Amino acid sequence: MDPRLWHKVAALSGISALGLGTYSAHGFKPKNPTYKEVWRTAILYQLVHTAALLAAPVTTHPNIFGGLLTTGIVTFSGSCYVVALLEDRKYGTLARFGACAFIAAWASLLF
């Protein structure tokens with residue numbers, strides 16, 4: 001697989017993060033304001049790891065690094081978005097797997 005594919009994945013993730021951030025600022029009004037912070041945490045983690053995806057092509061194992069970051073974005077940020085939208089923390093079980101994927105991605109840079 002072409003390692004530059006990760007730039008396209010980063011572009012899609014960045015576009016969606018900015019769109020979700022705009023929605024948060026102008027349209028997302030949960031009944032419980034705590035869930036606005038959950039949403040903002042999801043955006044922060046998505047944006048930070050999206051930026052890291054840009055470095056995937058220059059890593060030793062771009063597909064491992066990029067794949068783990070993408071998995072983390074989808075499972076961590078994705079589950080946080082669902083928790084915030086539904087205002088129910090029971091939907092956050094995937095967040096821990098996403099956090100592990102983020103840690104594994106960063107650890108993969110050691111090899």
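1. Arg40 has a relative accessibility of 43% and therefore counts as partly exposed. The model is a predicted one, and the comments below should be read accordingly. The side chain of Arg40 forms a salt bridge with Glu37, with the closest N and O atoms 2.9 Å apart. Glu37 is likewise assigned to the partly exposed class, because its relative accessible area is 44%.

2. Salt bridges in the whole structure number three. Side chains of opposite charge can pair when their charged atoms come close. Arg4 is exposed, at 56% relative accessible area, whereas Asp2 is partly exposed, at 38%.

3. The remaining salt bridge to discuss joins the side chains of Lys90 and Asp88, with an N to O distance of 3.9 Å. The cut-off for a salt bridge is 4 Å, so this pair is counted. Lys90 has 54% relative accessibility and is classed as exposed. Asp88, with a relative accessible area of 26%, is partly exposed.

4. As to the overall fold, the protein chain contains four helices and zero strands. The order along the sequence is α-α-α-α. Along the principal axes, the C-alpha atoms occupy a box of roughly 45 × 25 × 20 Å.

5. Of the contacts with a separation of 6 or more, 68% are between residues 24 or more positions apart. Buried residues account for 37% of the 111 residues. The accessible surface of the protein chain is about 6,400 Å², and carbon and sulfur atoms contribute 70% of that area.

6. Which residues make up the nonpolar surface patch? Tyr23, Val82, Leu85, Leu86 and Tyr91 form this patch, with an area of about 450 Å². Helix H3, spanning residues 62–86, gives the most to the patch, with three residues. Leu85 is located in helix H3 and, with 48% relative accessibility, is classed as partly exposed.

7. Is Ser108 buried or exposed? Its relative accessibility is 13%, below the 20% cut-off, and Ser108 therefore counts as buried. Ser108 lies in helix H4, which covers residues 95–108. With residues up to four places away in sequence left aside, Ser108 is in contact with Ile64 and Phe65.

8. The UniProt record, an unreviewed entry, annotates residues 38–58, 64–86 and 93–110 as "transmembrane region". In the model, the span of residues 38–58 is 76% helix and 0% strand, and its end C-alpha atoms are 32 Å apart. For residues 64–86, the end C-alpha atoms lie 32 Å apart, and the span is 100% helix and 0% strand.

Technical notes
Residues numbered from 1 in each chain as written. Predicted model: local features only at pLDDT ≥ 70, side-chain atom pairs only at ≥ 80, totals over all residues. Heavy atoms only, no water. Patch = residues over 30% accessible without salt bridge, like charges linked within 9 Å, V, L, I, M, F, W, Y side chains within 5 Å. Areas by Shrake-Rupley, 256 points an atom, 1.4 Å probe, with all protein chains shown as cover. Helix = DSSP H or I, 4+ residues; strand = E, 2+ residues; numbered from the N terminus. Buried < 20%, exposed > 50% of the residue type's maximum accessible area, 1.4 Å probe, protein only. Contact = heavy atoms within 4.5 Å. UniProt positions renumbered as here; feature names shortened; annotations may be inferred.
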